[in-house]
Amino acid sequence: MHWQTVNELLRNTLVLLMNSTEFDEFRLVGGTALSLQLGHRLSVDIDLFTDADYGSIDFKIIEDFLDANFGYVDKGFGTITGMGKSYLVGEDRENTIKLDLFYTRDPFMEPPLLIEEIRMATLDEIIAMKVDVVQRTGRKKDFYDLYEVLPRYSIKEMIALHKRRYQYSHDEALIRENFKNFTEADGDFDPVCLRGNYWDFIKEDIISAIDNE
């Protein structure tokens, strides 16, 4: 487990949540899950997703838990009706972690990966979810993450994982188009990459991978 990719507050928060029954239905997804598994970049937030039935999670119980365990909780940070909620939690207003708790639109393909008591989405699952973001226009950190797994997974294999997980919304032509569309990502902040990768080279290599398939 590459704990060097997160700060102490995030690590302690994640361990607390993963060992609490209130969060048994959730698993860690996204860039933090990938960074903890691969160690390629720093990550600063916690994304917990569940494929439990919509409406089955009692957010009042969760918020009572957060109030009891954190000195500071911002419950108004963001809500997507029917999908979940976002919070800021931490020791005080100046020391917080963004915590997302969301239902996933599609069921997970695989059981969670369990490492050091942390339930995480598998690499296949994370790649499918990252490609789904690319289908809707990727962020810079998503391209950094997909570039990290490019030696292990071809673009074709990544797209196949997306089709497996998102069969009803899958659009291969759009994915391939957006894999080469960096218009919005160019304006994003640069993730702190522990591999020394540069954004311009990442774009070139991704375009080359698409064109050479």
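Predicted model: local features only at pLDDT ≥ 70, side-chain atom pairs only at ≥ 80, totals over all residues.
1. Now step back into the helix itself. How many residues of helix H2 (residues 30-38) are buried? Nine of its nine residues are, so the helix counts as mostly covered, given that buried means under 20% relative accessible area. If you want to find them in the viewer, the buried residues of H2 are Gly 30, Gly 31, Thr 32, Ala 33, Leu 34, Ser 35, Leu 36, Gln 37 and Leu 38.

2. Glu 148 sits in helix H5 (residues 140-149). Is Glu 148 buried or exposed? With a relative accessibility of 13%, Glu 148 counts as buried. Leaving aside neighbours within four places in sequence, Glu 148 is in contact with Leu 38, His 40, Arg 195 and Asn 197.

3. Next, the overall layout. The domain assignment divides the protein into domain 1 (3-120) and domain 2 (123-212). Their contact takes 23 residues from domain 1 and 25 residues from domain 2. Taken over C-alpha atoms, the centres of domain 1 and domain 2 are separated by 23 Å.

4. Of the 66 residues in the largest nonpolar core, the ones that touch the most other members are Leu 48, Leu 66, Met 158 and Phe 179. Helix H4 (residues 123-135) gives the most to this core, with seven residues. This core also draws at least three residues from each of domain 1 (3-120) and domain 2 (123-212).

5. Leu 42, Val 192 and Leu 194 form a nonpolar patch on the surface, and together they have about 230 Å² of accessible area. One of these, Leu 194, lies in the loop between helix H7 (172-178) and helix H8 (199-211). Leu 194 counts as partly exposed because its relative accessibility is 41%.

6. On to the charges. Side chains of opposite charge can pair when their charged atoms come close. The count here comes to 19 salt bridges. In one of them, the side chains of Lys 60 and Asp 64 meet at 2.9 Å, N to O. Why are Lys 60 and Asp 64 separated by about one helical turn? The reason is that they are four residues apart in helix H3 (residues 59-69). Lys 60 counts as exposed at 53% relative accessibility, whereas Asp 64 counts as partly exposed at 39%.

7. Helix H8 holds another pair for you to find. Lys 203 forms a salt bridge with Asp 200, and the closest N and O atoms are 3.7 Å apart. Both residues lie in helix H8, three residues apart, or about one turn of the helix. Lys 203 counts as buried at 15% relative accessibility, while Asp 200 counts as partly exposed at 49%.

8. Which parts of the chain does the pair of Arg 176 and Glu 213 link? The salt bridge between Arg 176 and Glu 213 has its closest N and O atoms 3.0 Å apart. This pair links distant parts of the chain, with Arg 176 in helix H7 and Glu 213 in the segment after H8, 37 residues apart. Arg 176 is partly exposed, with a relative accessible area of 23%, and Glu 213 is partly exposed too, with 45%.

9. Salt bridges can also join up. Arg 41, Lys 130, Arg 139, Asp 142 and Asp 145 are linked in a network of salt bridges.

10. One last stop shows how the fold brings residues together. Asn 19 is placed in the loop between helix H1 (8-18) and strand E1 (27-28), and counts as partly exposed at 45% relative accessibility. Asn 19 and Glu 117 are 98 residues apart along the chain, with 7.5 Å between their C-alpha atoms.

Methods. Residues numbered from 1 in each chain as written. Heavy atoms only, no water. Patch = residues over 30% accessible without salt bridge, like charges linked within 9 Å, V, L, I, M, F, W, Y side chains within 5 Å. Areas by Shrake-Rupley, 256 points an atom, 1.4 Å probe, with all protein chains shown as cover. Salt bridge = Lys/Arg side-chain N within 4 Å of Asp/Glu carboxyl O. Helix = DSSP H or I, 4+ residues; strand = E, 2+ residues; numbered from the N terminus. Buried < 20%, exposed > 50% of the residue type's maximum accessible area, 1.4 Å probe, protein only. Core = buried A, V, L, I, M, F, W, Y, C linked by side-chain atoms within 4.5 Å. Domains from an automatic or database assignment. Contact = heavy atoms within 4.5 Å.
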